[in-house]
Amino acid sequence: MFLKKYISDIFNAVKSLLIGMRRTGYYFTHRKEIITQQYPDVKQILPERFRGEVIMLHDENNEHACTGCTACELACPNGTIKIITKFDVTPEGKKKKALDTFIYHLELCTMCNLCIEACPTDAIKMAQNFEHSVYDRSQLTKKLNKPGSKIREGVE
C-alpha cells in the first residue's frame, strides 16, 4: 500500500515537471507569445480609457481653460478637488472670478471621472501616469495650475 502511493506520488511529480518543462520549451521557440513584461525597463502601452490622475492642461503660453467655476469640485463625491478663486479686475474695471489655486488630493481620488465630465471648458483631463508611490502622503496633494499661469483668452 505504502509503496503503491510512493510510486504514484513520484509519477505525478515527474508528470507535473514535464508539463511545466513543455510550457517553458514552448516559449523558447515562440518568443512573440511571451506576455511577461520586464517592468520598469519596458513599460506597457496603456489603453486610452486608463485613468491615472487628474491633470490641468496648459498650452505653450502657460495658459489654461479653468474659469474657477467649481463644477468639478461640486461633482467630486469625496472632496478630492478644492478650487480657490480670486477676483481679477478686467481692463473695463469689472471684477471677474478667476482661478487662484487648483488643489488635487490624489490620495482621495477614486478615478470616477465625474470631475472631467462636469468641467464646462475641458480644462482638466485624466492622465495615464500610474506610478504614484511616495513615502510621504503629503506629496500626493498637488497644485494643478502652474505658477504664473492664467486663463486663456476667449474662455468664459
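This is a predicted model: local features need pLDDT of at least 70, side-chain atom pairs count only at pLDDT 80 or more; totals for chains, interfaces and linings use all residues.
Close-up 1. The rings of Phe50 and Phe130 form an edge-to-face pair, with 6.2 Å from centre to centre and 90 degrees between the planes. This pair links distant parts of the chain: Phe50 lies in the loop between helix 1 and strand 1, and Phe130 in the loop between strand 5 and strand 6, 80 residues apart.

**Close-up 2. The aromatic cluster of Tyr39, Phe50 and Phe130.** Four aromatic pairs are counted in the model. In one of them, the ring centres of Tyr39 and Phe130 are 6.3 Å apart and the planes stand at 35 degrees, so the pair is tilted. Tyr39 sits in the loop between helix 1 and strand 1 (53-56), while Phe130 sits in the loop between strand 5 (124-127) and strand 6, a separation of 91 residues. Tyr39 has a relative accessible area of 44% and is partly exposed. Tyr39, Phe50 and Phe130 together make one aromatic cluster.

Close-up 3. Strand 4 and strand 6 (residues 141-143) are paired over three bridges. Ile103 is placed opposite Lys143 of strand 6.

**Close-up 4. The hairpin of strand 3 and strand 4.** Strand 3 (residues 81-89) and strand 4 (residues 95-105) run antiparallel and are joined by nine bridges. Lys86 is opposite Ala98 of strand 4, and Val89 has Lys95 of strand 4 as its bridge partner. Five residues lie between the two strands, and in this hairpin Gly93 adopts a positive phi near 90 degrees.

**Close-up 5. A nonpolar surface patch that includes Phe2.** Phe2, Leu3, Tyr6, Ile7, Ile10, Val14 and Leu18 make up this patch, which covers about 760 Å². Phe2 belongs to helix 1 (residues 2-29). With a relative accessibility of 68%, Phe2 counts as exposed, because the limit for that class is over 50%.

Key:
Residues are numbered from 1 along each chain as its sequence is written. Side-chain values use heavy atoms; hydrogens and water are left out. Two strands pair if DSSP finds at least two bridges between them. Helices (H or I, at least four residues) and strands (E, at least two) are DSSP runs, numbered from the N terminus. Patches are made of residues with over 30% relative accessible area and no salt bridge: like charges are joined within 9 Å, nonpolar side chains (Val, Leu, Ile, Met, Phe, Trp, Tyr) within 5 Å. Accessible areas come from the Shrake-Rupley method with a 1.4 Å probe; for residues, only the protein chains shown count as cover. A salt bridge is a side-chain nitrogen of Lys or Arg within 4 Å of a carboxyl oxygen of Asp or Glu. Buried means under 20% relative accessible area, exposed over 50%, partly exposed in between (1.4 Å probe, protein chains only). Rings of Phe, Tyr and Trp (its six-membered ring) pair if their centres lie within 6.5 Å; planes under 30 degrees apart count as stacked, over 60 as edge-to-face and the rest as tilted.
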